[in-house]
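Walk me through this structure.

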Amino acid sequence: MSHTWWRGAAIYQVYLRSFADGNGDGVGDLAGLRSRLPYLKDLGVDAVWLNPWYPSPMADGGYDVADYRGIEPVFGTLGEAERFIAEAHELDIKVIIDVVPNHSSTESDWFKEALANPAARDRFWFRDEPNDWQSIFGGPAWTQVPDGQWYLHLFAPEQPDFNWDNPEVHREFEDVLRFWLDRGVDGVRIDSAALLVKSDTAYEDLDPVHDVYRRWRQVAEEYDERVLIGELWLADQERFARYLRPDELHTAFNFDFLACPWDPDELRRVIDLTLATHAPVGAPPTWVLSNHDVTRPVTRYGRSDTSFAHGGALHGVPSDPELGYRRARAAALLAMALPGGLYVYQGEELGLPEVEDLPDELRQDPMYARSGGANPGRDGCRVPLPWSGDEPPFGFGGSRPWLPQPESWRKLTAESQLADLDSMLNLYRHGLRLRREHLGDGTLTWLPAAERVLAFTRDTGVTCVTNLGTETVPLPDGVVLLASGGLEDGALPPDTTAWVR
């Protein structure tokens, strides 16, 4: 791959706890991931992004980091992480890891020192009196310590926010970046990237945060072919684009596309806005349908309201599984055909639905506890993957995964889908193969189309047509490379995407 491999890469997100269990304790780990690298190679992805794998009390699924230079013992060892990186590279798969710079863990050495010695508190956001900020997870964003001071946690109380006015914090994270880049990781995804710098009145998207990423870009440029990826939930596209200037981050997640309803006008608007936002700064767009924080597409697209918003308001709302499955297939090919990078969240390629009937006592997401159960949290999209067999744990490993899998997943295992040429898994395998050959980075040109139909041609000559209407529509002349569903006498049925050349 060239030094700009990330511009058109297909990146597979691994939520390590739920991917594959190699030692039989019910929790996914590096041994399980390493054993499934051939699966990822055959799937056709260019890179793997791992959610945090650091030592952590797991108050927020690993996003409460106790040590940024180690590996959570449940997942494996640092040596095993290094072997994973090497083995992935042998298969031409890049490795991207999470860095969590907004907050730490109350179990970190720095925070323990801050509790014991008030003179060491400047690394965090301590105050004598709290303001009225609320936690993103619900409830107050401040917790009082025994001597009366309060510390800020925009997320869970176990996740104290760093004070980025302190130069020591800057030096620490530059060293963390080098620690992992020296070990061969090809990039980092930056959690909550717009929240680092704070004032007494605001904590999102403050101008000094760009100085952080300018310095990080300088660090990344010390190495070959490394990429910085931002998690940025910003409504203002002009401000979003500022993070992607040539001396800052290389790329960022496209949450507007992820949250967009299954509606041709809205999708066209978001695609156009995305392309217009990225063009002036020369950054490639990204296209994301799901991740570890959002409702799975098969469930979301089967609802009357197909948009996504945090808060769990749609939890339990009826979903038509057949409709959702058909639309998820069409959305997958639409996303793969767009110019730029692509993210695939584990299980998306299997067509897994959201698991909405988890027993309350097994839910682990702090959003559930902090909201008093009003928000069910994100555990439903984090249920361990089904690999093989006819009953749980479906080849995941062990006898009892950390979250239970539905019995109905016997039809969705990777093993059973590999044998079915029309399965979701084989759609992804075929689509990603063709994408690498014909699509990825580049440009598109919109074509005239019937009402509720999206049609565009890529610069490589491939035309993508998505029918979001209720009537079958004709396809342009050419060879159909791939379709998300069966055609009707050569025409495109509703909720179906086809690629034509």
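Strand E3 (residues 94-99) is joined to strand E7 by 4 bridges, and the two run parallel. Strands pair if DSSP finds at least two bridges between them. Strands (E, at least two residues) and helices (H or I, at least four) are DSSP runs, numbered from the N terminus. Ile96 has Gly187 of E7 as its bridge partner.

This is a predicted model: local features need pLDDT of at least 70, side-chain atom pairs count only at pLDDT 80 or more, and totals for chains, interfaces and linings use all residues. Residues are numbered from 1 along each chain as its sequence is written, and side-chain values use heavy atoms, with hydrogens and water left out.

E7 also pairs with strand E8 (residues 227-230). Again 4 bridges join them, and they run parallel. Here Arg189 has Ile229 of E8 as its bridge partner. From E7 the chain crosses through helix H6 (residues 209-221) to E8, and this β-α-β crossover is right-handed. That term means that, with the strands pointing away from the viewer, the path from the first strand over the helix to the second runs clockwise.

Now look at E7 itself, residues 187-190. Both of its faces are covered. Gly187 and Arg189 lie on one side, Val188 and Ile190 on the other, and all are buried. Buried means under 20% relative accessible area, with a 1.4 Å probe and protein chains only.

Next come the nonpolar cores. A nonpolar core is a set of buried Ala, Val, Leu, Ile, Met, Phe, Trp, Tyr and Cys residues joined through side-chain atoms within 4.5 Å. The largest has 128 residues. Among those touching the most other members are Tyr12, Leu40, Phe84 and Trp216. Helix H11 (residues 321-337) gives the most to this core, with 9 residues. Leu40 touches Tyr12, Phe19, Leu33, Val45, Val48 and Ile93, not counting residues up to four places away in sequence. A second, separate core has 16 residues, including Ile11, Ala47, Leu258 and Tyr343.

Step back to the chain. It has 14 helices and 16 strands. Buried residues make up 59% of its 501 residues. Of the contacts (heavy atoms within 4.5 Å) with a separation of 6 or more, 65% are between residues 24 or more positions apart. The C-alpha trace spans about 75 × 50 × 45 Å along its principal axes. With 501 residues, a compact globule would have a radius of gyration near 23 Å, and the chain agrees at 22 Å. That radius is taken over C-alpha atoms, and the globule rule is 2.2 Å times the number of residues to the power 0.38.

Methods
Buried < 20%, exposed > 50% of the residue type's maximum accessible area, 1.4 Å probe, protein only.
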